[in-house]
Amino acid sequence: IPQGQSISISASSTNGVCSATTNLAAPNCACPFIAVPAGQEYYSQCGNINTPISMNVTVSNGLQANWYSQAVGGVPILTNSLSYNHTNFTAGTYSYFVETFDPVTLCVSLTRLEIVVEILTIPTINNYSYELCDIGNNGVELFDLNSIHSNVTSLNNVLSYHLSSSDALNGINNITSPYSNTSNPQTIFTRAVSTTGCINTNTLI
């Protein structure tokens, strides 16, 4: 490929149904070396924490940072900014690419900094009703809460039981198994913590 010539790369499936094209602009060989932005390359957050994730980078004085959704080519999603907020809280992995830009020479860094955002899946807690026969005919029985772990949530999650929703949210005042009910029926609250530290709560009757 001759120096200074831009190219297009196209690919298609063998059946011809799907295709994609990427345009690559020729680098300006007269440009000096420009370092890619520096910054944290990985962020993670549980999917039920709906707080924007602020990604931040730094560049040398006089230079700017432009944000893209792809590693090469494309149109910036944000220009001249050292930060960008990720606001999609659907579980999954998202990539952003940040390029250094010199507004005087119009030169850019040869590559872009990739920043990965992972929105973690919250643990599933099933609605479950735990019933025993009232052998003593007094409305009170001893419930083995440990035996229903797999009915409530995955065995991979840490499961605890609480007498109030606030205790479940804060992970305090766990009740132990076996548990003797104090009313009939009685609602207690479940809390599941995944291996990634994400939390979910629900009720158990």
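User: Which residues is V98 in contact with, leaving aside its neighbours within four places in sequence?

Analyst: This is a predicted model: local features need pLDDT of at least 70, side-chain atom pairs count only at pLDDT 80 or more, and totals for chains, interfaces and linings use all residues. Residues are numbered from 1 along each chain as its sequence is written, and side-chain values use heavy atoms, with hydrogens and water left out. Contact means heavy atoms within 4.5 Å. With neighbours within four places left aside, V98 is in contact with P37, V57, A65, N66, W67, R112, L113 and I115.

User: Is V98 buried or exposed?

Analyst: V98 lies in strand 8, residues 92-101. Strands (E, at least two residues) and helices (H or I, at least four) are DSSP runs, numbered from the N terminus. Buried means under 20% relative accessible area, exposed over 50%, and partly exposed in between, with a 1.4 Å probe and protein chains only. The relative accessible area of V98 is 0%, so V98 is buried.

User: How far apart in space are V98 and E114, C-alpha to C-alpha?

Analyst: In sequence, V98 and E114 are 16 residues apart. In space, their C-alpha atoms are separated by 6.6 Å.

User: In which order do the 3 strands of the open sheet stand?

Analyst: Two strands pair if DSSP finds at least two bridges between them. Strand 3 (residues 38-39) and strand 5 run antiparallel, joined by 2 bridges, while 4 bridges join strand 5 to strand 7 (residues 83-86), also antiparallel. The 3 strands form an open sheet with antiparallel pairing, in the order 3-5-7. Each edge strand pairs on one side only, and these edges are strand 3 and strand 7.

User: Which residues make up the uncovered face of strand 5?

Analyst: Strand 5 spans residues 53-58. Its covered face holds I53, M55 and V57. M55 stands opposite Y84 in strand 7, and V57 is the bridge partner of G39. The uncovered face is S54, N56 and T58.

User: What backbone atom lies 2.9 Å from a polar atom of the side chain of Q45?

Analyst: Q45 sits in strand 4, residues 42-46. Its relative accessibility is 14%, so Q45 counts as buried. Its contacts beyond four places in sequence include I53, F89 and L120. At 2.9 Å from its side chain lies the backbone oxygen of T51.

User: Which backbone oxygen does the side chain of N181 reach?

Analyst: N181 is in the loop between strand 12 (179-180) and strand 13 (188-193), and counts as buried because its relative accessibility is 9%. A polar contact is a pair of N or O atoms within 3.5 Å; within protein, one must be able to donate a hydrogen and the other to accept it, and residues adjacent in sequence count only if both atoms are side-chain atoms. The backbone nitrogen of E141 lies 2.8 Å from a polar atom of the N181 side chain. At 2.8 Å, the side chain also reaches the backbone oxygen of G139.

User: Which lining residues are the closest to the centre of the second largest pocket?

Analyst: A pocket is an open set of points on a 1 Å grid over the protein atoms alone, where a 1.4 Å probe fits, with protein on both sides within 12 Å along at least five of seven lines; lining residues have an atom within 4 Å of a point. The second largest pocket has a volume of about 300 Å³, the space filled by probe spheres set on grid points joined across faces, edges and corners. Of its 19 lining residues, the closest to the centre are Y130, F143, N181, N184 and Q186.

User: How many residues of strand 13 are buried?

Analyst: Strand 13 is joined to strand 11 (residues 158-162) by 5 bridges and to strand 14 (residues 199-204) by 6, antiparallel. H162 stands opposite F189, and R191 has T201 as its bridge partner. Strand 13 is mostly covered, with buried residues numbering 5 of 6.

User: What is omega of the cis peptide bond that joins N184 and P185?

Analyst: Most residues other than glycine have a negative phi, and most peptide bonds are trans. A cis bond joins S177 and P178, with omega about 5°. P185 is in the loop between strand 12 and strand 13. For the cis bond between N184 and P185, omega is about 0°.

User: What is phi of L106?

Analyst: L106 lies in the loop between strand 8 and strand 9 (113-120). Its relative accessible area is 59%, so L106 is exposed. Its phi is positive, though L106 is not glycine, and is near 65°.
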